[in-house]
Amino acid sequence: MLLFSRLITLTGSPRKSMPWAVGITDYVNAHSSLAVTCWAGSFGYPIGTVAWSSMVESQSALAAGTAGLLADAGYLDMIDSAADLVSSPGQDSLREVIYGTPGEPPAIGSIVNVTTATAIVDRMADAVGWAVEIGQHVESVIGTPVAVLTDVFGTMGGIAWIGAQPDIAASDAARAKLNADGDYLKRVAGSKDLFIPGTGHISQASRIA
């Protein structure tokens, strides 16, 4: 199973940009086989970041799901209508789920926390093993699922941990549990020499559509 994501940074007033992001999400869901969710980036992202995500069985399934949109005048018109909102080129990512079972998408208003790091290539096998183990431990501490994924494209060695909470209060509570768990901190220390220093990054987004 693969997680496809598209991130762009929108400028101007959210009064215009956020309704557009929601509207194009609804259009894609109504005119393609993809089940797409839309997220507003908050901490860890440039202000105005919006992300669209969809779980797909394969890259070929993704291509099939997007092929019709590329010839859909309504979809292309919606893209054209946001030309003044986009401050820089967007970026697509494709990640493979190596741990976790994708279920129903989190509800609108949910919070997703994403942690990424880049493994040292010749330690990739060890890093993936550690990534799954720490993901399982975090699940046991906070009581909610954590998915572990590896980047299919981009910089070699990219690993991501993704966990969702129903709201900000639940996200606060999960972080407090994790910070108070001494075993978690010891396990984090075990990642030494598995990842490129300085590549760890934590970000958060909320689902808007």
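**Close-up views of a predicted model**

View 1. When neighbours within four places in sequence are left aside, Ser87 is in contact (heavy atoms within 4.5 Å) with Thr9 and Thr11. Ser87 is found in the loop between α3 and β4 (91-99), where helices (H or I, at least four residues) and strands (E, at least two) are DSSP runs numbered from the N terminus. With a relative accessible area of 44%, Ser87 is partly exposed; buried means under 20% relative accessible area, exposed over 50%, and partly exposed in between (1.4 Å probe, protein chains only).

The model is predicted, so that local features need pLDDT of at least 70 and side-chain atom pairs count only at pLDDT 80 or more, whereas totals for chains, interfaces and linings use all residues. Residues are numbered from 1 along each chain as its sequence is written, and side-chain values use heavy atoms, with hydrogens and water left out.

**View 2. Packing of helix α1 against helix α3.** Helix α1 (residues 14-31) and helix α3 (residues 73-81) pack at an angle of about 165°, and their axes are 11 Å apart; the axes are lines fitted to C-alpha atoms, for helices over the stretch in contact, and angles run from 0 to 180 degrees between N-to-C directions. The angle makes α1 roughly antiparallel to α3, given that angles under 35 degrees count as roughly parallel, over 145 as roughly antiparallel, 65 to 115 as roughly perpendicular and the rest as oblique. The crossing of α1 and α3 is left-handed (the near helix is turned anticlockwise from the far one by less than a right angle; right-handed if clockwise). On the α1 side the contact is made by Trp20, Gly23, Ile24, Tyr27 and Val28, and on the α3 side by Gly74, Tyr75, Met78, Ile79 and Ser81. These contact residues divide into 7 nonpolar, 3 polar and no charged, where Ala, Val, Leu, Ile, Met, Phe, Trp, Tyr, Cys and Pro count as nonpolar, Asp, Glu, Lys and Arg as charged, and the others, Gly among them, as polar.

**View 3. Packing of helix α4 against helix α5.** The axes of helix α4 (residues 124-142) and helix α5 (residues 168-179) come within 9 Å and cross at roughly 115°, which makes α4 roughly perpendicular to α5. The crossing in which α4 passes α5 is right-handed. Val138, Val141 and Ile142 of α4 make the contact with Ala174, Lys177 and Leu178 of α5, and the residues of this contact divide into 5 nonpolar, no polar and 1 charged.

**View 4. Aromatic pairs.** The count comes to 4 aromatic pairs, under the rule that rings of Phe, Tyr and Trp (its six-membered ring) pair if their centres lie within 6.5 Å, with planes under 30 degrees apart counted as stacked, over 60 as edge-to-face and the rest as tilted. Trp20 and Trp52 form an edge-to-face pair, 6.0 Å centre to centre with 90° between the planes. This pair links distant parts of the chain, since Trp20 lies in helix α1 and Trp52 in strand β3 (residues 49-56), 32 residues apart. Both Trp20 and Trp52 are buried. Trp161 and Phe195 form a tilted pair, at 6.2 Å centre to centre and 55° between the planes. Trp161 and Phe195 are likewise buried, and ring pairs link Trp130, Trp161 and Phe195 into a cluster.
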